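Here is a short report for a first look at this structure. Keep the sequence and the 3D view side by side as you read.

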Amino acid sequence: ASTIRLIGSSQVITSVYSVVKELLENCFDAHAIAVDVKLENYGLDKIEIKDNGDGIKTDDIQFVGQRHYTSKISSHDDLQQLQTYGFRGEALASLCSVSEVSITTKTVQDEISIQYKLTGEGKIKDSLPSHLGQGTTICAVNLFKNLPVRKQYHNTNKKKKVELKKIEDLLRVYSIVKPNVRITLRHNKELVFQKNAQPDTRAAILNVFGHQTVNLLVFCEKSDTETEIKLEMYLPKPGCDITLTSRASSDRSIISVNNRPVLIPDLDKVVRQYYSNCNGCDTTRYPVYYLLITVPTDRQDVNLDPNKTHIYLQDVVSKLLM
Ligand code: ADP
Ligand code: MG
């Protein structure tokens, strides 16, 4: 059975990056407004994510490490009305099977927080009182301890540095998608990234990308009453050139659908086309932009791949861009 678990897990938890992404999204789903990420040895020795969200109820803690347990949806209808990042109940179970996981948590009703140590099967093997405040701290030690090939694959200096950069980019994206959340990233105790709570999207973009970039972006908004799709766009001002390097990197061209950062290559193409048309640049350049798409939840399908980074929209958003 543990082999089967391990095989399944290998798909959700493929890297330190994927652990951080899953745990981070859990923090947002729990309504946290402060999230602190700490890594040791680029996360391979230890990943710790602390939030000040709802916490986990004592009655539920025995289930959270179980495969397919999720407190977020209970029916197909819920999936149609999806408001959360998570819905499959795979991340924690997978993480338990490839590392040593402990969860410290306190809800608003609890008097003190409790730290639970979980087994590889996601069962509670130990619990003790802790001093932490409301919220949840999840700690994963010795990632890929039982997947030596994967561990070795990630354990080169080059790979580790690239991975840390990717994690920083990820936090940058979520910093903008979630303006009101304070986010920090520490690596071996050194502060790598910090974003304070911001009142709105523009302030968040300013905080993350700086004045220079923000001053070159124009905001426009469009909506379609029939499909109820709303599009808020931060695009480079006509005539100015803020491009990325010749290759796309996710950190400065962002598309979100109902606050979920996603990749929509076709839409990205439309934006680049639009940008090059009005700025006279070639389409191989990647402009800085942020498209914030809001659609009725029953018009999206996020259940396409394990990382949920691809998405189908029932109606073509690009029509709106024209
Ligand atoms: P999913 O997010 O798909 O529900 P996960 O495996 O990521 O599945 O998490 C399992 C469950 O653990 C969640 O449904 C939630 O109830 C609980 N949980 C995980 N992380 C947190 C957190 N940071 N705060 C509160 N609850 C959490
Ligand atoms: Mg989750």
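Five strands form an open sheet in the order 9-10-13-11-12, and the pairing is mixed. Strands pair if DSSP finds at least two bridges between them. Helices (H or I, at least four residues) and strands (E, at least two) are DSSP runs, numbered from the N terminus. At the edges stand strand 9 (217-224) and strand 12, each pairing on one side only. Neighbouring strands of this sheet are turned by 20° against each other on average, direction ignored. Axes here are lines fitted to C-alpha atoms, for helices over the stretch in contact, and angles run from 0 to 180 degrees between N-to-C directions.

This is a predicted model: local features need pLDDT of at least 70, side-chain atom pairs count only at pLDDT 80 or more, and totals for chains, interfaces and linings use all residues. Residues are numbered from 1 along each chain as its sequence is written, while chains are lettered from A and ligands numbered from 1 in the order in which they are written.

Strand 11 (residues 253-257) has five of its five residues buried, so the rest of the structure largely encloses it. Buried means that 20 or more other C-beta atoms, placed from the backbone, lie within 10 Å of the residue's own; 12 or fewer means exposed, and in between is partly exposed. Both faces are covered: Ser253, Ile255 and Val257 lie on one side, Ile254 and Ser256 on the other.

Strand 11 runs parallel to strand 13 (residues 289-294), joined by five bridges. Here isoleucine 255 stands opposite leucine 291. With strand 12 (residues 260-262), strand 11 runs antiparallel over three bridges. Serine 256 faces proline 261 across that pair. The hairpin of strands 11 and 12 has two residues between the strands, and asparagine 258 takes a positive phi near 45° in it.

Another open sheet has eight strands in the order 5-4-3-6-2-1-7-8, with mixed pairing. Strand 5 (124-130) and strand 8 (190-195) are the edges; each has a single partner strand, so one side of each is left without a neighbour in the sheet.

Strand 1 (residues 34-40) pairs with strand 7 (residues 182-187) in the parallel sense, over six bridges. In this pair, lysine 38 stands opposite arginine 186. Helix 6 (residues 157-177) packs on the sheet and touches strand 7 and strand 8; its direction makes about 170° with that of strand 7. Contact means that the C-beta atoms of two residues, placed from the backbone, lie within 7 Å.

## Around ligand 1

Ligand 1 is surrounded by 22 residues, the closest being Asn26, Ala30, Thr70, Ser71 and Gly86. A residue is near a molecule if its C-beta atom, placed from the backbone, lies within 6 Å of it. Helix 2 (16-29) and helix 4 (91-98) are the elements that give two or more residues to this shell. The shell divides into nine nonpolar, seven polar and six charged residues.

Helix 4 is mostly covered, with eight of its eight residues buried. Leu92, Ala93 and Cys96 are among them.

## Glycine 65

Glycine 65 is found in the loop between strand 2 (46-51) and helix 3 (76-80). Glycine 65 counts as buried because it has 24 C-beta neighbours inside 10 Å. Leaving aside neighbours within four places in sequence, its contacts include Leu92, Ala93 and Cys96.

How values were computed. Ala, Val, Leu, Ile, Met, Phe, Trp, Tyr, Cys and Pro count as nonpolar, Asp, Glu, Lys and Arg as charged, and the others, Gly among them, as polar.
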